[in-house]
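This report walks through one protein model, part by part. Please keep the sequence and the structure in view while reading.

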Amino acid sequence: QRDAEQHLRQQAAAENARRLWCEAHPADPKHPYLLAKRVSPYNLCQRGDVLLVPLLHNGLLMNLQRIYPDSSKRFLFGGMVKGCYSLIGTIAPDLPLFICEGWATGATIHADTGAAVACAMNAGNLLNVGQRLKRQRPEIALIVAGDDDRKNEGNPGRTAANKTAAALGAGVVMPPWSGAEPLDLSDFNDLANWRAEQ
């Protein structure tokens, strides 16, 4: 019964996601979040002053992450997250496919490499997304681009990235710190912005 109720909530959230997406327009590159992160909008849409990050499952829009001007983020109530991802760029046979946590991190990696990036939204979803992509595109080289949560006990970002890469037989990359960066920086977007400010 619990599974059935969860399925109904996920379906309702998916219908809501598609309705909101249809009412949205391409994201404004001058949205405060995009300016703060120094990234292009890529696959985002916008409704009012809220950015919408599309989360796909088997090619279908199942959920949205809403990003507000103050950078706070929320998924749709009851929406599916496990196994869902937001794809930036086009998967190409001659390029690797990166898997990362947050959307801004993915946008930074895509801008730097030109390769497609699947944004899993959190460390706990990296493996689910990786397994799904490996089944769908076994010929593509996967690389897990981890968050390096250096200040957090057990470094959950690095731990999840290494575990995912090992399980998938994938590569793994971490932000290439020089040692001068503040310890509260953890991902590729943090590093790119810190370098831009120096």
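Thr-105 is found in helix H3. Helices (H or I, at least four residues) and strands (E, at least two) are DSSP runs, numbered from the N terminus. The model is predicted, and local features need pLDDT of at least 70, side-chain atom pairs count only at pLDDT 80 or more, while totals for chains, interfaces and linings use all residues. Residues are numbered from 1 along each chain as its sequence is written, and side-chain values use heavy atoms, with hydrogens and water left out.

Is Thr-105 buried or exposed? Thr-105 is buried, with a relative accessible area of 2%. Here buried means under 20% relative accessible area, exposed over 50%, and partly exposed in between (1.4 Å probe, protein chains only). Leaving aside neighbours within four places in sequence, Thr-105 is in contact with Cys-100, Asp-147, Asp-187, Phe-188 and Asn-189; contact means heavy atoms within 4.5 Å. Thr-105 and Cys-119 are 14 residues apart along the chain, and their C-alpha atoms are separated by 8.1 Å.

## Helix H3

Helix H3 covers residues 103-113, and eight of its 11 residues are buried, so the helix is largely enclosed by the rest of the structure. The buried residues of H3 are Trp-103, Ala-104, Thr-105, Gly-106, Ala-107, Thr-108, Ile-109 and His-110. After H3 comes Gly-114, which has a positive phi near 80°.

## The nonpolar cores

A nonpolar core is a set of buried Ala, Val, Leu, Ile, Met, Phe, Trp, Tyr and Cys residues joined through side-chain atoms within 4.5 Å. The largest one has 26 residues, of which Leu-34, Leu-44, Leu-51, Trp-103, Ile-109 and Cys-119 touch the most other members. At least two residues of this core come from each of helix H2 (32-37), strand E3 (50-57), strand E4 (60-67), strand E7 (97-100), H3 and strand E8 (117-119). H3 gives the largest share, four residues.

Ile-109, leaving aside its neighbours within four places in sequence, is in contact with Phe-98, Cys-100, Gly-114, Val-117, Ala-145 and Phe-188. In soluble globular proteins, nonpolar side chains tend to be buried together.

Gln-10 has its place in helix H1. At 14% relative accessibility, Gln-10 counts as buried. Beyond its neighbours within four places in sequence, Gln-10 is in contact with Met-62, Gly-78, Gly-79 and Met-80.

## Salt bridges

How many salt bridges are there? The count comes to five, where a salt bridge is a side-chain nitrogen of Lys or Arg within 4 Å of a carboxyl oxygen of Asp or Glu. In one of them, Glu-23 pairs with Arg-47, and the closest N and O atoms are 2.9 Å apart. Glu-23 lies in helix H1 (residues 2-23) and Arg-47 in strand E2 (residues 45-47), so the pair ties together parts that are 24 residues apart in sequence. Glu-23 is partly exposed at 42% relative accessible area, and Arg-47 is partly exposed at 37%.

Glu-197 and Arg-38 also meet in a salt bridge, at 3.4 Å from N to O. This pair links distant parts of the chain, 159 residues apart: Glu-197 is in helix H6 (residues 188-197) and Arg-38 is in the loop between H2 and E2. Glu-197 counts as exposed at 54%, whereas Arg-38 is partly exposed at 46%. Glu-139 forms a salt bridge with Arg-137, with the closest N and O atoms 2.9 Å apart. Glu-139 is partly exposed at 49% relative accessible area. Salt bridges that share partners join Arg-19, Glu-23 and Arg-47 into one network.

## Cysteines

How many disulfides does the structure hold? The number is zero; a disulfide is a pair of cysteine sulfur atoms within 2.5 Å. The sulfur of Cys-119 is 4.0 Å from the closest cysteine sulfur, in Cys-100, which is too far for a bond. Cys-119 is buried, with a relative accessible area of 0%. For Cys-84, the closest cysteine sulfur is in Cys-119, 13 Å away and too far for a bond. Cys-84 counts as buried at 1% relative accessibility.
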